[in-house]
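Dear colleague,

Please find below the structure I am handing over to you, followed by a short account of what was found in it.

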Amino acid sequence: MFRRQRCSKTLVITVAIAVTYILACNFFTLYHLSKSKPNYFVHKYGLLYLGHLQTFKNWTCKPVLFSKIPLPSTALASYPGSGNSWLRHLLQQTTGIATGSEYVDFSLKYHGFLGEGITNSSVLVVKTHEYGNTTLMKYDRAVLLIRAPEEALLAEFNRRYAGHLGHAQKLHFKKEWKPFFFEEMDNWFNFNKRWLTFKEKLHVVKYDELIQNTSAEIAALLKFLNISVSSKELLCVVRNVDGHFKRPGTNHNYSGQKLYQPSTKQTLAAYWREITMLAHKKKLEKLR
């Protein structure tokens, strides 16, 4: 009896120490992030937020400010992992106008995305990963960023388990990939299909085309947003295309593991064909 009480007491003390450690680490990291210059960076590892110093090259083409002229309420809609932060970076650097978000991500806020949590008319576009009726009704126009499902799902998985720039570990793929995949593949499809039914003005950007021909895709997007920029301003953005939040390199942590089985590949291919067809149809409607 005495031994059992003693073990129980030891367990409580151990748990208390662990919780205190996690809270202290998170507080220390987030406090320094709030006081830091733009070279203090945060990565999430499970329950921990860990910060470190990192030197960035100067990628600023323009100082980013909020618009003094009221702008139309414009959604920048994308399934998570489709390159939303990267496209926001490109827009901010081309126009000098802050982009907003329905969310508040402190690692973005303190590294150039001033509009985190702001959805009013002072921002050029508003990041959203939502696709319910309430969300769609809030906006006067929308930009839909679409990325192929295999790439988007993998990018979102990496973000969930290793932050904006990291790569998920082998253990994550072994334990978490299958449940994540079977839940999220339908979400990818439903998200894009729903936004392609948006009744107001809609401009579709495909991630692969944005990579292959950044200048032309940004120019077309700015025309839709009714923003004029010079060729010199576009050239600056192309020279500084990556920004701080485009995940570098390739994740080798799932080497030898088949992420997509033949049957799921067929499903994803069918989803991609339908979304591509709907996007093409939307583009033709826009030209009429």
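**Findings: the sheet and its helices**

In this predicted model, 5 strands form an open sheet in the order 4-5-3-6-7, and their pairing is parallel. Strand 4 (100-101) and strand 7 (201-206) are the edge strands, each of which pairs on one side only.

Within the sheet, strand 3 (residues 74-78) and strand 5 (residues 126-128) run parallel and are joined by 3 bridges. A75 has V126 of strand 5 as its bridge partner.

Two helices may be described in relation to these strands. Helix 6 (residues 170-195) packs on the sheet, where it touches strand 3, strand 5, strand 6 and strand 7. The direction of helix 6 makes about 145° with that of strand 6.

Helix 2 lies across strand 3, strand 4, strand 5 and strand 6 (141-146), and it runs at about 140° to strand 3. Helix 2 covers residues 84-95, which is 12 residues. From its first C-alpha to its last it reaches 16 Å, close to the 16 Å expected at 1.5 Å a residue.

As to burial, 12 of the 12 residues of helix 2 are buried, so this helix is largely enclosed by the rest of the structure. Among the buried residues of helix 2 are W86, L87, L90 and L91, and also R88, H89, Q92 and Q93. Just after helix 2, G96 adopts a positive phi of about 80°.

With kind regards

Conventions: Residues are numbered from 1 along each chain as its sequence is written. This is a predicted model: local features need pLDDT of at least 70, side-chain atom pairs count only at pLDDT 80 or more; totals for chains, interfaces and linings use all residues. Side-chain values use heavy atoms; hydrogens and water are left out. Helices (H or I, at least four residues) and strands (E, at least two) are DSSP runs, numbered from the N terminus. The expected span of a helix is 1.5 Å times one less than its number of residues. Buried means under 20% relative accessible area, exposed over 50%, partly exposed in between (1.4 Å probe, protein chains only). Two strands pair if DSSP finds at least two bridges between them. Contact means heavy atoms within 4.5 Å. Axes are lines fitted to C-alpha atoms, for helices over the stretch in contact, and angles run from 0 to 180 degrees between N-to-C directions.
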